[in-house]
Amino acid sequence: MTYINFDAHTIVLLLATLLTGLTSGLCFTWNNAVTPGIGQLVDMGYLRSFQEMNRAIINPTFMIVFFGPVFLHIANIFLFRTSSSTIIWMLVASAVLYIIGVGLVTIFGNVPLNELLDKTDLMQASSGELELLRDKFEIKWNRLHLIRTISSILSFLLLLLICLSRNNTINT
């Protein structure tokens, strides 16, 4: 009979895996549907859409899902510190990918661009100013977001492999 021991190790690992998976899904969807879709809009439509989505996404649920894994990854490294070196290195790699590739890229890359966009009164801007703002924003934001997408997916994959590895250990 197969069972899962729901101790602190398992709960934190599962929560980290769930939240990292949700974030990677959000990043993947945004990268593959949202930005290409709004990228087809004229400058005002693109910038206004991005402004409104950036304002809407900052909410408690998003903050927990997006930044919760930072703390959970650190907790996993602490909780599993006596595990095999393979598990530890996978946890460290997953944490580094998430903390640097998602967390720090967001804080120091995407957020400043979002703030630049947010403080701009689009209704008062000329078409030339809108074009300039979009040129300053779009390519850089998308490049940074691609880093977040790849990092979150790889982090999630490592966590899945750890979960599978632990499950095989429990069942043998």
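**Figure 1. Contact of helix α1 with helix α2 in the predicted model.** From α1 (residues 8–38), the residues Leu 26, Trp 30, Val 34, Thr 35 and Ile 38 meet Tyr 46, Ser 49, Phe 50, Met 53 and Ile 57 of α2. By type, the residues of this contact comprise eight nonpolar, two polar and no charged. Helix α2 spans residues 43–57, and its axis comes within 11 Å of the α1 axis. The two axes cross at roughly 155°; because angles over 145 degrees count as roughly antiparallel, α1 is roughly antiparallel to α2. The crossing of α1 and α2 is right-handed.

Figure 2. Residues up to four places away in sequence aside, Cys 27 touches Phe 66, His 145, Arg 148, Thr 149 and Ser 152. Val 102 lies 75 residues from Cys 27 along the chain, and the C-alpha atoms of Cys 27 and Val 102 are separated by 9.6 Å.

Figure 3. With a relative accessible area of 7%, Thr 17 is buried. The side chain of Thr 17 reaches the backbone oxygen of Leu 13 at a distance of 2.7 Å. Beyond the neighbours within four places in sequence, Thr 17 is in contact with Phe 156, Leu 159, Leu 160 and Cys 163.

Technical notes:
Residues are numbered from 1 along each chain as its sequence is written. This is a predicted model: local features need pLDDT of at least 70, side-chain atom pairs count only at pLDDT 80 or more; totals for chains, interfaces and linings use all residues. Side-chain values use heavy atoms; hydrogens and water are left out. Helices (H or I, at least four residues) and strands (E, at least two) are DSSP runs, numbered from the N terminus. Contact means heavy atoms within 4.5 Å. Buried means under 20% relative accessible area, exposed over 50%, partly exposed in between (1.4 Å probe, protein chains only). A polar contact is a pair of N or O atoms within 3.5 Å; within protein, one must be able to donate a hydrogen and the other to accept it, and residues adjacent in sequence count only if both atoms are side-chain atoms. Axes are lines fitted to C-alpha atoms, for helices over the stretch in contact, and angles run from 0 to 180 degrees between N-to-C directions. Angles under 35 degrees count as roughly parallel, over 145 as roughly antiparallel, 65 to 115 as roughly perpendicular and the rest as oblique. A crossing is left-handed if the near helix is turned anticlockwise from the far one by less than a right angle, and right-handed if clockwise. Ala, Val, Leu, Ile, Met, Phe, Trp, Tyr, Cys and Pro count as nonpolar, Asp, Glu, Lys and Arg as charged, and the others, Gly among them, as polar.
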